[in-house]
Structure formats: C-alpha cells, structure tokens
Amino acid sequence: MTAFVDVAIVGAGPCGLAAAIAAIRGGLSVSVFDRGCLVNGIAGYPTYMTFFSTAERIAIGGVPFLVATEKPTRRDALAYYRGVASLYDVPVRQYETVESMRPVRYDPSAAGVTSARSARWLLRSITRGGAVHETAAHAVIIATGYFGRPNLLQVPGETLPHVRHGYVEGHTAWRAPVVIVGGGNSAVDAALDMYRAGAYVTMVHVGASLDNGVKPWVRPEIEARIHDGSIQAHYESRVVDITPEDVVVQGPSGEVRVPATQVYTMTGYLPETGLLEAVGVPIDPLSGIPSHNPLTMATPVPGVYLAGVIASGLSANRIFIENGRDHGDAIVRHLLS
Ligand SMILES: Cc1cc2nc3c(=O)[nH]c(=O)nc-3n(C[C@H](O)[C@H](O)[C@H](O)COP(=O)(O)OP(=O)(O)OC[C@H]3O[C@@H](n4cnc5c(N)ncnc54)[C@H](O)[C@@H]3O)c2cc1C
C-alpha cells in the first residue's frame with residue numbers, strides 16, 4: 001500500500017532532521033528515511049569525540065542544547081538529537097534505504113487521504129530485512145550527506161580487512177604499528193588518540209604540513225609529538241600499496257615501507273548524489289555541487305530540494321551542521337509560498 005506525505009526526507013542526519021522539524025512546524029506531513037539510525041553519521045564518529053562547535057551552534061528546532069562543558073561530546077549530541085526528534089515526534093523510518101524515486105501524479109484524496117497535497121514523487125525504500133515500501137510525496141528533500149561514500153585512495157590492498165575508512169577509538173591499537181593517511185582534523189585526532197593508547201603511529205600526508213584547518217587547540221600537541229618523534233610523519237607523500245604487514249609510501253626521498261597492522265585512511269568523503277543524478281539534477285563537474293537555488297534550496301527538478309552537506313559538493317567543509325541546519329526553514333518557506 002502506498003503512503004502519502006507532503007514531504008519525504010531522505011537522510012536523518014542533523015540537517016535532514018532539522019528540515020523535518022521545519023516541515024512539521026509548517027503544518028506539513030513528513031516521513032524521514034535513514035538507511036541507518038537517527039543521526040547515523042554522528043553515531044559513527046570516534047566514540048570519545050568532542051565537537052568543534054559549541055552546543056548552541058548545532059542545536060535545531062529551537063530546542064536549547066545545554067552541556068556542562070565547553071563543547072558537546074558525541075554522546076551529548078546523540079542524546080540531544082534523540083530528545084529533539086522525540087519532542088516533535090518526527091516519524092523517522094530507521095534502517096530503511098531509499099533506493100529510487102520517480103515522478104508520478106497522484107491525488108491522495110482519491111485514496112481517501114485528505115491530509116496530504118498532490119503527490120509528485122514516488123519513493124521506493126527497502127528495510128534492512130528486505131521489505132519494500134512505496135511512499136508518494138509532494139516534495140522530496142535530499143539530505144543524504146556524505147558519510148556513506150569515502151574518498152578512496154584507489155591503491156592495491158585498500159580493501160584488506162585491516163584497512164578502515166574511519167576511526168572508533170585508540171584502545172584497539174595498543175602496541176600496534178599503525179599508519180594514518182591524511183593531515184586534517186580526523187587524521188590528527190586519530191593519531192593523538194592512538195598514540196595515547198600506546199600505538200606506534202605514522203602519519204602519511206600529501207601536503208607539505210598538516211592542514212590549515214586543524215583545530216588550533218589541538219595543533220600544538222600534534223606538532224610537539226611529531227617534533228619529538230613519538231609520532232612519525234611523512235609529508236609530501238602518498239600511499240602506493242598496502243600489504244598485510246606494511247604500507248608502501250612514495251615520498252621526497254623515494255619509496256619506503258612502513259610497518260602497519262592497522263591502516264586508517266582519513267581522507268574525507270564524497271557527497272552522495274546518486275538519487276539526485278537519477279532524477280536529472282545537474283551536478284557541476286568541477287565543484288560537485290548539485291544545481292540549486294541557495295535561497296530556497298530548490299533544485300531545477302520540480303519538488304526536489306537539498307538540505308545539509310550534500311549541497312556543498314566536493315568541498316564538504318563549506319557546509320556543516322552550523323550552517324546546514326537552516327536549510328529546512330528555507331525549503332518550507334518556499335513550499336508554503
Ligand atoms: C569527526 C567529525 C566531527 C565533526 N564536528 C562537527 C562540528 O563540531 N560542527 C559541525 O557543524 N559539524 C561537524 N562535523 C560535520 C557534520 O557531522 C556534518 O556536516 C553533518 O553530519 C552533515 O549533516 P547532514 O544531515 O547534511 O548529513 P549526514 O549527517 O551525513 O546525514 C545523512 C544521512 O543520510 C542517510 N542516507 C544517505 N543515503 C540514504 C538513502 N539512500 N536512504 C536513506 N538514508 C540515506 C545516512 O545514513 C545519514 O544518516 C563533524 C564531522 C566529523 C566526521
């Protein structure tokens with residue numbers, strides 16, 4: 001049986017959730033789909049991570065986010081977003097992936113549904129257990145983020161089981177030789193955490209130094225550890241091969257083999273634009289930005305909108321929770337106008 005809603009939202013990250021709340025506050029019926037749990041990306045952050053944003057800057061739905069410390073932790077944020085979703089009773093269909101969507105013309109009142117507007121899109125979703133559902137919606141907000149599409153190194157050995165794109169916590173690397181690929185915040189946090197847990201850490205980075213965006217309160221410590229040799233760093237270097245016991249690094253002084261029984265590729269993510277491309281939203285080949293009006297977040301395809309980091313293309317640092325949380329308000333203003 002087909003369900004009818006005014007707005008279907010693909011992705012229950014913080015920006016998708018904020019968009020759902022904006023729609024609910026605007027009197028619209030919504031359904032939010034996530035292939036994982038609520039705020040799945042944050043659930044996958046390193047376990048003991050602290051946000052760089054203060055709590056009020058990642059609050060949504062007008063609900064105050066208070067913490068007793070300077071910055072919220074991953075755990076604080078998970079509890080907060082659960083609370084906000086419960087407060088607004090947001091209908092989140094967790095572990096249900098939207099596989100495809102196609103244009104339709106449905107009048108919900110013909111099916112006895114008087115609460116929804118005419119439907120323009122039919123979404124096909126599939127649960128973890130394999131059940132297939134159809135949902136008809138007047139508008140679709142794509143808030144699929146980027147955590148599901150890691151920026152791969154494209155080198156041999158990258159799919160070996162000791163290679164991970166993402167980092168959980170240092171304990172599992174005690175006394176292990178570890179290679180971390182990257183020089184941004186995620187790489188630096190992982191390097192320090194694993195070093196403190198007793199791992200033998202080597203960083204490999206294509207840049208001539210750590211990235212400029214490394215958090216200023218973290219930079220002194222990582223630079224001191226690299227300077228005193230407790231963390232090794234290969235700059236202007238690339239991983240060219242990963243074997244079960246080492247990593248082959250090509251750098252200024254030629255090729256070196258660095259022992260590693262754990263490899264973490266902290267090389268960022270690419271936006272998940274599959275659904276947008278399938279319905280004909282043009283993606284700029286250079287920036288990776290899906291075509292949209294930044295004032296309304298509407299794409300050129302009628303009834304299809306963007307919310308969150310998906311709108312920032314290949315440069316994922318342009319939009320984050322702080323400035324993606326307002327996209328839903330712009331969309332709902334446009335929908336109701
Ligand atoms: C370690 C770390 C620390 C960070 N710290 C901060 C910070 O301090 N401040 C800040 O503002 N930002 C921070 N960020 C960035 C922030 O996490 C992202 O900008 C934010 O999660 C983007 O939210 P979103 O809702 O756009 O997308 P996401 O959070 O990526 O959510 C997208 C959701 O869509 C779901 N999805 C994708 N495809 C489908 C599909 N086909 N069907 C169903 N569901 C689907 C995914 O499962 C996911 O839950 C940090 C990121 C990391 C990695």
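Two residues are in contact here if their C-beta atoms, placed from the backbone, lie within 7 Å. The structure is a predicted model, in which local features need pLDDT of at least 70 and side-chain atom pairs count only at pLDDT 80 or more, while totals for chains, interfaces and linings use all residues. Residue numbers start from 1 along each chain as its sequence is written.

**View A. Helix H4 meets helix H5.** From H4, Val188, Ala191, Leu192 and Tyr195 touch Glu221, Ile222 and Arg225 of H5. By class, this contact has five nonpolar, no polar and two charged residues. Here Ala, Val, Leu, Ile, Met, Phe, Trp, Tyr, Cys and Pro count as nonpolar, Asp, Glu, Lys and Arg as charged, and the others, Gly among them, as polar. The two axes come within 10 Å and cross at roughly 60 degrees, which makes H4 oblique to H5. Axes are lines fitted to C-alpha atoms, for helices over the stretch in contact, with angles from 0 to 180 degrees between N-to-C directions. Angles under 35 degrees count as roughly parallel, over 145 as roughly antiparallel, 65 to 115 as roughly perpendicular and the rest as oblique.

**View B. Helix H1 meets helix H8.** The axes of H1 and H8 (residues 327–336) come within 7 Å and cross at roughly 35 degrees. On the H1 side you will find Cys15, Ala18, Ala19, Ile21, Ala22 and Ala23, facing His327, Gly328, Asp329, Ile331 and Val332 of H8. Eight of the contact residues are nonpolar, two polar and one charged.

**View C. The shell around the ligand.** The ligand is surrounded by 35 residues, the closest being Gly11, Gly13, Cys15, Gly145 and Gly308; a residue belongs here if its C-beta atom, placed from the backbone, lies within 6 Å of the molecule. Helix H1 (14–25), helix H2 (40–43), strand E4 (96–106) and helix H7 (321–324) each give two or more residues to this shell. The shell divides into 17 nonpolar, 14 polar and four charged residues.

Technical notes
Helices (H or I, at least four residues) and strands (E, at least two) are DSSP runs, numbered from the N terminus.
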